[in-house]
Structures are given as structure tokens and as C-alpha cells.
Amino acid sequence: MINWQQRKWQVAFLTALPTLLILTGLFLQPLDDLLPGMLRILQSQSVLLSDYLAIGGAGATLINAGLCGFICIGFMMLYKIEINGPFIAAVFTVIGFAFFGKNIWNIWPIFIGVFLYSAVRHQSFRNYALVAFFATTLGPLVSFISFGAGLEPRAGIALGMTLGVLVGFIAPPLASAMLRFHDGYNIYNLGFTGGVIGSLFVAVLRSFGLIVEPVSILTGRYDLIMKVLFFTFFLVLIGGGLFVQPNRIRKTLAAHIRIMRTSGRLVTDFTLVGRYNATLLNMGVMGIIAGLFVIALGGEFNGPVIGGILTIVGFAAFGKHPRNCIPVMLGVVIGGALKMWDLGSTPVILAGLFGTTLAPVAGKYGPFWGVVAGFLHTSVVMNVGVLHGGVNLYNNGFSGGFVAAFLVPIIEAVSPVAGAPRSRRKV
Amino acid sequence: MQNYHEIKKISRIIDELLTHFLSDDNGRAEIVVEETADAHVVVFTVPSIEIEAEDYVNLVNDVSVARNPELENYYWPLAGESDSESELSLVAMMSDSIDVTYEDNRLELRLTRKKTAK
């Protein structure tokens, strides 16, 4: 019988996805093309939107994603870090973005930078590991300088690594400071932080004549196999949540209702609110919803879209649930339909998936404001990417920070729910 | 190196408790902060407050979270910033122990936060 209180079962759960990806990857591409595919991924500039499925092939991409996940899990084992909602979200986010921007090379300089920061602060790396995982959002900065800036290779790699270390070093204090900007209503806080850091770095690079521009390298070639793979995984998550302890199904469903009652604002750890069974159930349900959302809009399961779905699934352990996500997704759809973009295009679909960074707005203030947040987000996210030239992978988190900071004070001012006396709520 | 955010974190914990418990119906709260050699102790008292049994259980559950330096280092600036339901867990993540007592409508939370959490 599985006992989620035991770490071995938690580790087994966390390692399931990267193991699945690596094993599947070995069969999706000829073995003699795996290493060249991996090298193409490692040497790509990796800025948004660089679909590793198109660059390196399906096998190399899945193996890269699985290895990136195992690197993070390895740190968690080494430093005996608790496997809770935030770290589940972080590992799934790293795996998801390893389909289009993070790879087993460009994440290391950032880890080293965070490690140096923890050493300077005389603290264990463990205390900054969460920031380190999320800060790999700026991995493309390392890759672009190394391979995309036209520098002499050794100089490019040295400069890319140096900038990566620098980014890692400054990320922890900045990440905490940026929380105050949106007050925890933008779940991808490191996306906002990464956007600020990336914009500053890119501004300096541009002033030296280095042009950093977003790209659009996408493929729908592996659409069907990816749909089968990930929908199966999400169904297994639901099954795991409900049936690994069959005598607790009713308690699990009740716990999931408790999860759905939370706003999702940072810091809402669903492994505390609803325990593991309900968290797994929520992750599986959110994966299915996100996948159906993509299909309903006519989108393909390409690298960025898979990254968006896996990030939602990860954050379904740390703030996202159907009640607070669906209104935001609806707002993005309305925005996409009324505005100048193609509803089925990858950028709009990504806005719908990653726009759920604003889920706490719907969770706290109701579905109407969630729709408004999604509607605004559609426009903002299409305009902020130019600032950092695509080196910040969490572009929607960057946008979400602005939308939350803009919207929440207005809601607080005009919403009767937000203005209700505190004495009416329970302690 | 002494954590230069330490005092600010104590302030945030108190801010969160005040934000959470002080309301029109519970117009008085008492706070005692004591610094010992290795810890800060915060005794937060609401002398007159009515808490239903279910809410008391929820309160105890919310603060029964172990100290978590991994999350504290990142998220502590959010403590005291909102009256949402999740913040007491953040207070708990920033505390080594929280003892809750509720007798004769008097609620007392005794928080201990050790100075070194590496």
C-alpha cells in the first residue's frame, strides 16, 4: 500500500514523468541520431520560440526534458529537500520548458550562480534551490550568447556562462523583492523577475550591437504521439490520486473540494491543503483540461504547448485548480477571438495556458475578474516579449506581473467582496 | 553573517497575525516579542474572540506546518500582505514551533523562531 507520508513514494511519483520521457525518447528516434539531435539542442540559441522537437527531434527532446528533471530531483535528494507543492511545480516547469529553451547545458551556469549566492549568504543551497530551479527561465540568455550572438565560439561560451552565473547570483534577492510588485497574484513570480533581468541584460547587449530577437521554430510533426503520451500520463495521475488508496476515495474528493476553495495565491501548497491524493487528482484533471483547451482551439502539441501544459500540471500542486484557471483561459479565448490574432495560433494558445499564472485573481475575486485578467493578459503578453528578446522563457509570467499589479488594486477598490470587513470571515 | 532580514521577518509575522485576527469584533490584541540568545519568541494574544470548533481545528492545522527555510527565504515578503487564508501557513513555515491555546474566549499563539536555520 502506498503511503504518501513516506519519502520513497513521493520520490517515485516525482521521478515517474522524467523516467517515462527518457524511456519513450529512446524509441522515438533512431539511436544513431539521438546524440546529434541532443547536440543540435545544446547548440541552439534557445530563445522563444525554439521548439526542441523541431531542432533535435522527438527522442532527443524527451531525453533532454527527462534529464533536466532528474538534475533537479538529484539536487532535491542531495540536499534532502521536502517534496511539496512548490517543488513539484518547479520540477514540472523545468521539464516542460526543456521542450523549448532549457537544456542540460544552459541551466548549469544559473545553478552555479545561485550556489555562489548561497555561499556568500552563508546559507545552504537548499534554501535557494526553488529559486534556482525557476531561475533557469533565463537559460536562453546563456545559449544565445554562446551560440547565437556570432561571437568566437570559446569567447561566446565563456561570456554566456559568465552571464548565466551572474543571473543566478542576482536572482534570489530579486525574486523575493518582485513578489511585492504583484502581491503574490502572479504565480510565475520568477517569470516577472526573469523578464526584468532579461530586459536589462538585453538592453545592455543591444547597446553593444548584439541583436536579440525572438524566433519561431515550431513543428506539429509529433502531435499525435505527444497527445497519446501526455493524456495517458494525466489519466494515470487521476487514477493514482483516486485509486492508490481506494479506501480514501471520498476523503480525496472532499480534499479536492478544499483545494478548489483556495484562491491559489502564493503561497498555497496543495500537498498541505489537500494532501497527496487530492493533489495528484488535481494535477491530472488540470492536465486533461489544458490538453482539451489546446485541442478545442485547434492547436498542436508542439514543444512550447507541451511546456505550457506541463507547467499547468506542475502548478496544480501549487495554486492552480479548475475553478481559478478556467475563467482566465476563457478571458484569453475572448481576447483572442475579438483581437487581431488567430485563435488557434501557438502564441494565443500559450497565452491561454500560461495566462493561468493569473489564476489567483479569479480564485480570490471571482470568475468575472478572472476573465478580465485573461482578456488583458492576451494583449500584454504579445507586447512584452520584445523587451527581453525572448531570452526569458516565462514571458507570460512577465506579463502576468504587470496585469496583476494593475488589476488587483482596482479590484480592491471597486469590488464589494474585496472590501468586506475582515470580521465577517472566519479565523 | 547575521541575516539582515531577521527583524523584518519577525515584523512580518506579527503583521500577518494582526491582519488575520484583529477585526471589528476583536478590537484588542496583545503582542509580546522577546529575544533570547538563540531565538525570537512572539506571544500573540487576542483576549476576547469567539472561535467555532471547526475553525479552531482549521487554525491549528494551518499553523501545524514545519519550518521550511526553502520556502521562507523566497516567499517571506508576502507575509502580512493579504488577509487570504493561506498566509498562516507561511507564518508557520517561518516558525520553529507555534503553540495554540484557546480557553475562555482567550486565544494565545506562542511562536518560537530560532535565529539560525541553515
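In chain A, 78% of the contacts between residues at least 6 apart in sequence join residues at least 24 apart, a contact being two residues whose C-beta atoms, placed from the backbone, lie within 7 Å. The model here is a predicted one, so local features need pLDDT of at least 70 and side-chain atom pairs count only at pLDDT 80 or more, while totals for chains, interfaces and linings use all residues. Residues are numbered from 1 along each chain as its sequence is written, and chains are lettered from A and ligands numbered from 1 in the order in which they are written.

Chain A is built from 20 helices and zero strands; helices (H or I, at least four residues) and strands (E, at least two) are DSSP runs, numbered from the N terminus. With a radius of gyration of 20 Å, close to the 22 Å that the globule rule gives for 427 residues, chain A is as compact as a globular protein of that length. That radius is taken over C-alpha atoms, and the rule is 2.2 Å times the number of residues to the power 0.38. The C-alpha trace of chain A spans about 65 × 50 × 50 Å along its principal axes. Buried residues make up 59% of the 427 in chain A. Here, buried stands for 20 or more other C-beta atoms within 10 Å of a residue's own, exposed for 12 or fewer, and partly exposed for anything in between, with C-beta atoms placed from the backbone.

Now for the helix packing in chain A. Two packed helices are described by the angle between their axes and the distance between the axes. Axes are lines fitted to C-alpha atoms, for helices over the stretch in contact, and angles run from 0 to 180 degrees between N-to-C directions. The axes of H5(A) and helix H15 (residues 303-315) of chain A come within 8 Å and cross at roughly 175 degrees, which makes H5(A) roughly antiparallel to H15(A). Angles under 35 degrees count as roughly parallel, over 145 as roughly antiparallel, 65 to 115 as roughly perpendicular and the rest as oblique. On the H5(A) side the contact includes Ile88(A), Phe92(A) and Ile95(A), and on the H15(A) side Ile306(A), Leu310(A) and Val313(A) are among the residues involved. Sorted by class, this contact of H5(A) with H15(A) has ten nonpolar, five polar and no charged residues. The nonpolar class takes in Ala, Val, Leu, Ile, Met, Phe, Trp, Tyr, Cys and Pro, the charged class Asp, Glu, Lys and Arg, and the polar class the others, Gly among them.

Another pair is helix H10 (residues 189-207) and helix H19 (residues 367-388) of chain A, which pack at an angle of about 45 degrees with their axes 7 Å apart. That angle makes H10(A) oblique to H19(A). Gly195(A), Gly198(A), Ser199(A) and Val202(A) of H10(A) meet Val384(A), Leu387(A) and His388(A) of H19(A), a set that divides into three nonpolar, four polar and no charged residues.

The loop between helix H4 (58-78) and helix H5 (85-97) of chain A holds Glu82(A). Glu82(A) is partly exposed, with 16 other C-beta atoms within 10 Å. Between Glu82(A) and Arg7(A) there are 8.4 Å in space, C-alpha to C-alpha, although they are 75 residues apart in sequence.

Residues 24 or more positions apart account for 63% of the contacts in chain B with a separation of 6 or more.

The four strands of chain B form an open, antiparallel sheet in the order S1-S2-S4-S3, where strands pair if DSSP finds at least two bridges between them. At the edges sit strand S1 (30-35) and strand S3 (97-103) of chain B, each pairing on one side only. Neighbouring strands of this sheet are turned by 10 degrees against each other on average, direction ignored.

A hairpin of three residues joins S1(B) to S2(B), and the two strands pair in the antiparallel sense over six bridges. Val32(B) stands opposite Val43(B) in S2(B). Strand S2 (residues 39-46) of chain B is also joined by eight bridges to the antiparallel strand S4 (residues 106-114) of chain B, with Ala39(B) opposite Lys114(B) and Val41(B) opposite Thr112(B). Helix H1 (residues 6-21) of chain B lies across S1, S2 and S4 of chain B, at about 15 degrees to S2(B).
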